[in-house]
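Me: Could you walk me through how to read this structure? I'd like the general idea and then the case at hand.

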Amino acid sequence: MEQVLARLRAAAEATRLRLLAICAECELTVSEITQIIGQSQPRVSRHLKLLCEAGLLVRFREGTWVFYRTPHNSAGADLVRPILDLLPVDDETLSLDRARLDQVKVQREQIATEYFRANAKDWDRIRSLHVDEAVVEKALLDAVGDLAGGRILDVGTGTGRILELLGRSAEEGVGVDMSREMLAVARARLQRADLSNCLVRQADMYQLPYPGGMFDIVILHQVLHFAEKPEAAIDEASRVLAPGGRLVVVDFASHDREELREEHAHRRLGFDDAAISTWFRACELAPDDVISLPGKPLTVRIWSARADMETAKQKTHKAAE
């Protein structure tokens, strides 16, 4: 009871209610919040600290930036939505906050568009070498199946396209990437698609900041060919799989296009089925049938494997220890 009362006391202040309302829309930096709220940074920071301590907001760092948003899965999350539902939709102050939030979203979109435009030639060059992306996405949707109520982790999320593709039917989608520029592109894409159940974080694919057994689906889409140690990336992805969860790898089959190493920083010239299967089995995952999508000259393959229920439980228990 005391925890509930503490959360209610934390929310029971005009500025903090405004903060909850805008942070429920999307994750925001302190500078963006001060721009929307129109108060000084020290004052806003004090309010944010109280809300985080009460579990009504979550805080995470991305380089030198710090983001805030309402939680998805916690005791605090269960209280935030009922509180926000009580706020009048026609409140003048909240309406002004929403208008300023829309301006922040437009600014993000402009930054993301500029970055994407500056790098579009590289992506277009790669796309021209393999089967149409729409074909790959349809095959991926078929391979993943029903995601209702599931939790997705997209490792190396890039532009956030995979979260956009799969996130709508999932309970929660998380994308991780090391590039802040790509995370900005992904955030803009997710807000444009109105996917408030999806978020992105800066993280290393070799050291995912999540406990074992957290996700029902983990996807490595066109990521492994950049990896120095692809087997280590698969091992770490398997660690966060829930019992019965599924790891899906989308990447190129083995090829000989050496120019991709120099021009696009590819560490690996694709992968053969035996290597991926060996890495899966080393992580005690049971491989599924391989899906092959021939292109000219690059072939895209979809490899997937399932975590055995009992083995995954043991791995999760061991990680907790």
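Me: Is Asp272 buried, exposed or partly exposed, and at what relative accessibility?

Reply: Buried means under 20% relative accessible area, exposed over 50%, and partly exposed in between, with a 1.4 Å probe and protein chains only. Asp272 comes out at 40%, so it counts as partly exposed. This is a predicted model, where local features need pLDDT of at least 70, side-chain atom pairs count only at pLDDT 80 or more, and totals for chains, interfaces and linings use all residues. Residues are numbered from 1 along each chain as its sequence is written, and side-chain values use heavy atoms, leaving out hydrogens and water.

Me: Where does Asp272 lie?

Reply: Helices (H or I, at least four residues) and strands (E, at least two) are DSSP runs, numbered from the N terminus. Asp272 sits in the loop between helix H11 (259-264) and helix H12 (273-282).

Me: Which residues have the most contacts inside the largest nonpolar core?

Reply: Such a core is a set of buried Ala, Val, Leu, Ile, Met, Phe, Trp, Tyr and Cys residues joined through side-chain atoms within 4.5 Å. Here the largest has 31 residues, and Leu153, Val218, Leu220, Leu247 and Phe280 have the most contacts inside it. Among the elements giving it two or more residues are strand E4 (151-155), strand E7 (215-221) and H12. Another core, of 29 residues, lies apart from it and includes Leu79 and Val104.

Me: What share of the chain is buried?

Reply: Buried residues make up 50% of the 321.
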